[in-house]
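Colleague: I would like to learn how to read a protein model. Where do we begin?

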Amino acid sequence: MLTSARWLQAVMRNRVTAAGTERAGCPARVRLLRQPAPGQPAGAGPRLRPRVRVGDWNEVLRETVNVLQCGQVVAVPTDTIYGIACLAQNSEAIRRIYEIKGRNADKPLAISVGNIEAIYKYCKVTVSDQVLRDLLPGPVTLVFKRADELNKDLNPFTDLVGVRIPKHPFMQKLAQLCGEPLALTSANVSSQNSTLTPEEFKDLWPSLGLVVDGGPIGDVLSPECRLGSTVVNLATPGKYSIIRPGCAFTATVEILQKEHGLSMQC
């Protein structure tokens, strides 16, 4: 039985090389990094595997950061559905996300950051710090006006940007290690169902630099588990509007209205 570290090294020795010449210091294209739970044989399938502690993901985190810094797109588990991500400040990587998904060029991408403080760097926040902390981390995307620090090639058709802090320790630590926001969207071809396991978006694997398997997210038989985050526009001070109800609609509205006195913008 391989330990997690030895198993990862074995995967990396046998990874699949991308077409073309690799850039110096950049890894070959990796199809899948599957982190076994402690005591589970390497290579065991993802079903019924409990989510591991973030400390058990250290090698996978380091490799994911490396792949992102090489300008590639990766697939990652979040607290709602599987997503694909790249560095938000890398314009070429953003273009690749649109190509991989077949996404309309006028549909925006959200950003994912590792902590509340980073939101102030990339967004013009209109609510109190407590509102942010009551909603995040969690299955909510908050939309604000973008700050000048954010890459202008990300959603150049709008002055707004959605920001997330998924309630998933891997995603939070990943953004912290990258030191910049991740552009994040669902791991599926545009207009198709969102995905709860890596196998459900297997057709995208050849286009990705890395697939991080965090096991099933939620009940794969439940449509409610595929709703994605609740998207709420907070760009207007004192007001909110729901762009997408998502999976946390009721709780989000209660926090905004009852606890913080925001009113719905018509």
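Modeller: With burial: a residue counts as buried if its relative accessible area is under 20%. This is a predicted model, and 53% of the 266 residues of the protein count as buried.

Colleague: How many helices and strands does the protein have?

Modeller: There are seven helices and 12 strands. Among contacts with a separation of 6 or more, 63% are between residues 24 or more positions apart.

Colleague: How should I read a nonpolar core?

Modeller: In soluble globular proteins, nonpolar side chains tend to be buried together. Here the largest nonpolar core has 51 residues, and Ile119 and Leu142 touch the most other members. Elements that give two or more residues to this core include strand 3 (82–87), helix 4 (116–122), strand 6 (140–146) and helix 7 (249–259). Helix 3 supplies the largest share, five residues.

Colleague: Which residues does Leu142 touch, not counting those up to four places away in sequence?

Modeller: Leu142 touches Leu132, Leu135, Leu136, Val161, Gly162, Val163, Val232 and Leu234. A second, separate core has 19 residues, including Leu61, Leu68, Leu210 and Val212.

Colleague: How do I read an aromatic pair?

Modeller: A pair of aromatic rings is described by the distance of the centres and the angle of the planes. This structure holds one aromatic pair. Tyr82 and Phe201 form it, with 5.7 Å centre to centre and 45° between the planes, and the pair is tilted.

Colleague: Which parts does the pair tie together?

Modeller: Tyr82 lies in strand 3, whereas Phe201 lies in the loop between strand 8 (182–186) and strand 9 (210–213), so the pair ties together parts that are 119 residues apart in sequence.

Colleague: Why does Phe201 count as buried?

Modeller: Because its relative accessibility is 3%, and the cut-off for buried is under 20%. Tyr82 is buried as well, with a relative accessible area of 0%.

Colleague: How do I read the two sides of a strand?

Modeller: In a regular strand the side chains alternate between the two faces of the sheet. In strand 9, Leu210 and Val212 are on one side, and Val211 and Asp213 are on the other.

Colleague: Are both of those faces covered or open?

Modeller: Both are covered, and these four residues are all buried.

Colleague: How does strand 2 (residues 74–77) run relative to strand 9?

Modeller: The strands run parallel, and two bridges join them. Leu210 in strand 9 is the bridge partner of Val74. Leu210 is also one of the residues in the second core.

How values were computed:
Residues numbered from 1 in each chain as written. Predicted model: local features only at pLDDT ≥ 70, side-chain atom pairs only at ≥ 80, totals over all residues. Heavy atoms only, no water. Buried < 20%, exposed > 50% of the residue type's maximum accessible area, 1.4 Å probe, protein only. Contact = heavy atoms within 4.5 Å. Core = buried A, V, L, I, M, F, W, Y, C linked by side-chain atoms within 4.5 Å. Phe/Tyr/Trp six-rings, centres within 6.5 Å; stacked < 30°, edge-to-face > 60°. Pairing = 2+ DSSP bridges.
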